[in-house]
Amino acid sequence: MKYRPEIDGLRAVAVVPVLIFHGGLGFRGGFVGVDVFFVISGYLITSIMYGEVEARKFSLVRFYERRLRRIIPALVCVCLACLPFAWAWMLPYELRDFGRSLYQVTLFVSNFYFWSKTGYFDASNDLKPLLHTWSLGVEEQFYIIFPVVLMALHRFRRQFVLAAILLLSAASFLATQVVPLFDPAANFYLLPTRFWELGVGASISLASFDREKARHGGVAAACGLAMIVLSCFFVEGGPYYPGWQTLPVVVGTALVLLFSSSENLAGRLLSARALVFVGLISYSLYLWHQPVLAFARLRLFTDDLSASTSALLLGVTALLAVVSYYLVERPFRDGNRVGTRAFVTLAGVTGAASIASGIMFEMTDGAAFRAPGLYEMTEVSKGLSENCNGKMAPECSTSDSPEIAVWGDSFGAHLVEGILASAPDVKLVQFTKSLCGPFTDIAYPVTSDGRRSPESCLSRNRDVLDAMAATRTLRYVAIGVNLDIYTETETFVRKDGQSVPASRTLLLDSFLASLSGLRQMGLNPVVFAQPPQTGTDVGSCVARSRLLGIAANHCDLSADDVNRRGRVAMDIMNVVARDYPVIDLGSGRCNGTTCRVSEDGVSLYADAGHYSQGGIRLLGKKYHLYDLIVKAATEGCGNGPVPAARPAGFCRP
């Protein structure tokens with residue numbers, strides 16, 4: 001295949017927006033650069049491979065050796081370079097998850113791992129050093145399958161092969177319209193819904209086309225380049241990406257590959273020496289940028305880097321990429337400089353070291369032995385058992401005749417250990433489910449990972465009420481819910497399955513209906529106000545401060561930010577407190593300026609809002625939590641006498 005410098009220039013156009021996007025410097029659609037890479041990969045690999053297949057000179061062994069020489073050396077170099085920083089700066093749960101990604105990256109299946117863990121556009125991904133390797137997994141899985149497909153079809157005419165690839169690509173694109181309905185993360189991370197992008201590149205390489213003689217080819221190439229650039233500015237990520245909004249960047253890339261040449265403007269622009277050089281080092285740029293940015297965010301205790309810091313870090317990325325390109329990529333691609341035996345040996349040893357390190361990090365819970373106590377500091381208190389999340393298992397009750405139930409979402413679950421710490425012999429039953437507040441007629445909508453059902457939440461809560469009504473010994477119900485997620489969402493799902501606009505009134509009415517229902521059953525509900533929170537992961541901040549030997553007071557929350565974020569939730573609690581008791585465990589930690597997030601050397605939080613295991617135990621003992629619940633349920637929180645049937649008010653211990 002004749003070298004086309006404009007393709008390297010196109011690689012530069014692809015990688016630069018990705019770097020700027022991940023650096024937080026702009027290009028809200030910068031992630032479309034990965035789609036450009038997919039189309040280029042499909043085009044180049046088919047152009048190189050199909051001629052060999054037709055001439056019966058194609059060898060799978062030689063093909064995979066070329067691919068491994070292209071991919072493995074720089075990838076393993078980056079992975080091994082991450083190890084000391086991960087060891088020094090990552091908390092146990094972060095290092096454990098990093099370890100899992102590390103060995104799966106080396107095996108080219110990290111896209112499956114990240115699919116199982118998170119949506120690509122989740123904010124927490126900024127702290128994952130190897131997140132970007134999901135695209136390598138997709139490409140390598142394509143390279144395993146596609147050569148076999150071409151070899152199977154080579155006996156047919158070129159037009160038939162082209163039609164077959166187009167048909168597969170069309171099916172893949174149609175899948176992008178269906179898969180997000182039940183699993184948006186799969187739509188983003190997995191090959192079946194990405195094949196069409198690679199397939200478009202493969203298809204145009206098979207099309208018999210002389211771009212040098214194409215009429216209006218220059219206009220088409222310029223339009224294609226404009227489509228790519230505009231996509232970087234205007235495309236927005238979401239559960240339906242890739243899909244229809246991905247078409248412009250894919251079509252634009254195809255037009256550039258088809259029509260750009262030295263004879264037209266687009267081809268000359270893309271062949272500029274600076275762009276070609278950036279394109280040549282684009283693989284190393286892509287590999288280095290995410291670890292550099294992620295580790296900087298970890299060490300600087302921030303998810304939001306300043307523009308100057310991001311620019312500096314991207315400069316460091318460029319330097320690393322140049323060194324990596326000249327000292328790692330180029331030598332290993334040259335079979336005359338590094339023979340097959342030497343390459344296989346070195347790749348095997350370093351790859352095995354990377355895999356072994358990842359497995360070790362996973363098996364030791366993120367090398368928790370580095371700093372005893374850190375693991376517990378960042379573990380969310382889940383209550384009696386992880387099995388209690390949405391289930392009514394035997395281990396979710398401390399007695400066959402419970403006196404107190406805990407109901408709500410994960411903000412209910414984290415209360416359980418505090419109650420038990422204050423009264424070890426308490427007879428308690430846990431009814432909690434993540435992202436499932438104590439409402440029977442509205443539910444939080446499906447989240448970005450697509451694995452939670454609003455209908456199952458509503459059904460679960462109806463079962464909970466039936467179970468509480470049938471438990472004759474039950475007297476008190478402690479309720480915990482993260483109201484912020486309900487006040488920030490745009491829609492609720494009603495019990496008839498219909499989505500309706502979210503509103504404070506609808507949320508409040510549903511909350512009061514649940515509390516009224518409990519009282520009508522003869523039970524005494526007590527509501528817990530959510531902990532002070534701003535969205536910042538203060539639990540990790542305190543734990544990392546201990547890991548690095550830094551004072552943790554910089555992790556304290558701004559009282560203004562707490563009040564701003566929780567204003568609507570507090571308004572709702574003020575209304576609830578008119579008729580029901582509300583306990584606010586966070587009020588004593590906030591002054592007019594800050595809200596403390598640690599106490600007596602213990603991090604109260606595990607993350608941005610949940611109490612840690614140690615934190616809730618400390619609060620439970622400090623405030624005699626079970627006794628506080630009983631007193632609030634029977635006497636209320638006011639100073640004067642209250643009607644026995646209607647205890648209410650704010651309890652601020």
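Predicted model: local features only at pLDDT ≥ 70, side-chain atom pairs only at ≥ 80, totals over all residues.
Local features need pLDDT of at least 70, and side-chain atom pairs count only at pLDDT 80 or more, while totals for chains, interfaces and linings use all residues. Residues are numbered from 1 along each chain as its sequence is written, and side-chain values use heavy atoms, with hydrogens and water left out.

**View 1. The largest nonpolar core.** This core has 78 residues. A nonpolar core is a set of buried Ala, Val, Leu, Ile, Met, Phe, Trp, Tyr and Cys residues joined through side-chain atoms within 4.5 Å. Buried means under 20% relative accessible area, exposed over 50%, and partly exposed in between (1.4 Å probe, protein chains only). W134, F142 and Y189 have the most contacts inside the core. Helix α2 (residues 33-54) gives the most to this core: twelve residues. Helices (H or I, at least four residues) and strands (E, at least two) are DSSP runs, numbered from the N terminus.

**View 2. Surroundings of F142.** Neighbours within four places in sequence are left aside here. F142 is then in contact with I45, P147, L191, F195 and L198. Contact means heavy atoms within 4.5 Å.

**View 3. The C436 to C457 disulfide.** The structure holds five disulfides. A disulfide is a pair of cysteine sulfur atoms within 2.5 Å. In this one, C436 is joined to C457, S to S 2.0 Å. The torsion about the S-S bond is about 95°, so this disulfide is right-handed. The pair links distant parts of the chain, 21 residues apart. C436 sits in the loop between β2 (428-432) and β3 (442-443), and C457 in helix α20 (residues 454-470). C436 is buried at a relative accessible area of 1%. C457 is buried too, at 4%.

**View 4. The C541 to C555 disulfide.** The sulfur atoms of C541 and C555 are 2.0 Å apart. Their S-S torsion is about -80°, so the disulfide is left-handed. C541 lies in helix α23 (residues 538-548), and C555 in the loop between α23 and β8 (557-558). The pair therefore ties together parts that are 14 residues apart in sequence. Both C541 and C555 are buried.

**View 5. The C637 to C651 disulfide.** C637 and C651 are joined, S to S 1.7 Å. The torsion about their S-S bond is about -85°, so the disulfide is left-handed. C637 is in the loop between α27 (625-635) and β13 (649-651), whereas C651 is in strand β13 itself. Parts 14 residues apart in sequence are thus tied together by the pair. C637 counts as buried at 15% relative accessibility, and C651 does at 11%.

**View 6. Cysteine pairing, with C77 and C79.** With the bonded cysteines of the protein chain numbered in sequence order, the pairing runs 1-2, 3-4, 5-6, 7-8, 9-10. C77 is in no disulfide. The nearest cysteine sulfur to that of C77 belongs to C79, 9.3 Å away. C77 counts as partly exposed, at 28% relative accessibility. The sulfur of C79 is 6.3 Å from the closest cysteine sulfur, in C82, which is too far for a bond. C79 is buried, with a relative accessible area of 2%.
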